[in-house]
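Please look at the sequence and the structure before reading on.

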Amino acid sequence: CFQQHSAETQLLFFLLQSSLVVLCVFSFFALVNAPSQLHNTIYNTKSALCANIHIWFPYRPNVYHSALAFVSHLDQ
């Protein structure tokens, strides 16, 4: 009932399966890494924007409201 597979067939099967496992592991790390990088970039952008006193002082209503809207969008 059970078939004996040759060594070449077993090696080919192992290579195909191992390549799928490597692809899945790589995809998992890519999916985890992308949001992390995006979060770091948003945090650094918000920090740089809030620390730039030339945006906030002197008070200019159009610049102030635009910067405030941008910071609020970064928080979402």
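P58 sits in the loop between α2 (53-56) and α3. The peptide bond from F57 to P58 is cis, with omega near -5°. The model is a predicted one, in which local features need pLDDT of at least 70 and side-chain atom pairs count only at pLDDT 80 or more, while totals for chains, interfaces and linings use all residues. Residues are numbered from 1 along each chain as its sequence is written, and side-chain values use heavy atoms, with hydrogens and water left out.

**Overall form**

The protein has three helices and zero strands, in the order α-α-α along the sequence. Helices (H or I, at least four residues) and strands (E, at least two) are DSSP runs, numbered from the N terminus. What radius of gyration does the protein have? The value is 26 Å, whereas a compact globule of 76 residues would have one near 11 Å. This radius is taken over C-alpha atoms, and the globule rule is 2.2 Å times the number of residues to the power 0.38. Along the principal axes, the C-alpha atoms fill a box of roughly 85 × 20 × 10 Å.

The accessible surface comes to about 6800 Å², and 71% of it belongs to carbon and sulfur atoms. Such areas come from the Shrake-Rupley method with a 1.4 Å probe; for residues, only the protein chains shown count as cover. Buried residues make up 8% of the 76 residues. Buried means under 20% relative accessible area, exposed over 50%, and partly exposed in between (1.4 Å probe, protein chains only).

The table lists some residues by this scale.

| Residue | Relative accessible area | Class |
|---|---|---|
| L49 | 14% | buried |
| K46 | 27% | partly exposed |
| V25 | 41% | partly exposed |
| F29 | 52% | exposed |
| L31 | 65% | exposed |

**Along helix α1**

V25 lies in helix α1 (residues 7-51). Together with V21, F28, F29 and V32, V25 forms a nonpolar surface patch with about 480 Å² of accessible area. Patches are made of residues with over 30% relative accessible area and no salt bridge; like charges are joined within 9 Å, and nonpolar side chains (Val, Leu, Ile, Met, Phe, Trp, Tyr) within 5 Å.

L31 is also placed in helix α1.

**Contacts between parts of the chain**

L49 belongs to helix α1. Which residues does L49 touch, not counting those up to four places away in sequence? They are I55, W56, A67, F70 and V71, where contact means heavy atoms within 4.5 Å. L49 and A67 are 18 residues apart in sequence, and 7.9 Å apart in space from C-alpha to C-alpha.

The structure holds one salt bridge, a side-chain nitrogen of Lys or Arg within 4 Å of a carboxyl oxygen of Asp or Glu. K46 forms it with D75, and the closest N and O atoms are 2.7 Å apart. This pair links distant parts of the chain: K46 is in helix α1 and D75 in helix α3 (residues 61-75), 29 residues apart.

**Aromatic pairs**

There are three aromatic pairs in the structure. Rings of Phe, Tyr and Trp (its six-membered ring) pair if their centres lie within 6.5 Å; planes under 30 degrees apart count as stacked, over 60 as edge-to-face and the rest as tilted. The rings of F28 and F29 have centres 5.6 Å apart and planes at 65°, so this pair is edge-to-face. Ring pairs also link W56, Y59 and Y64 into a cluster.
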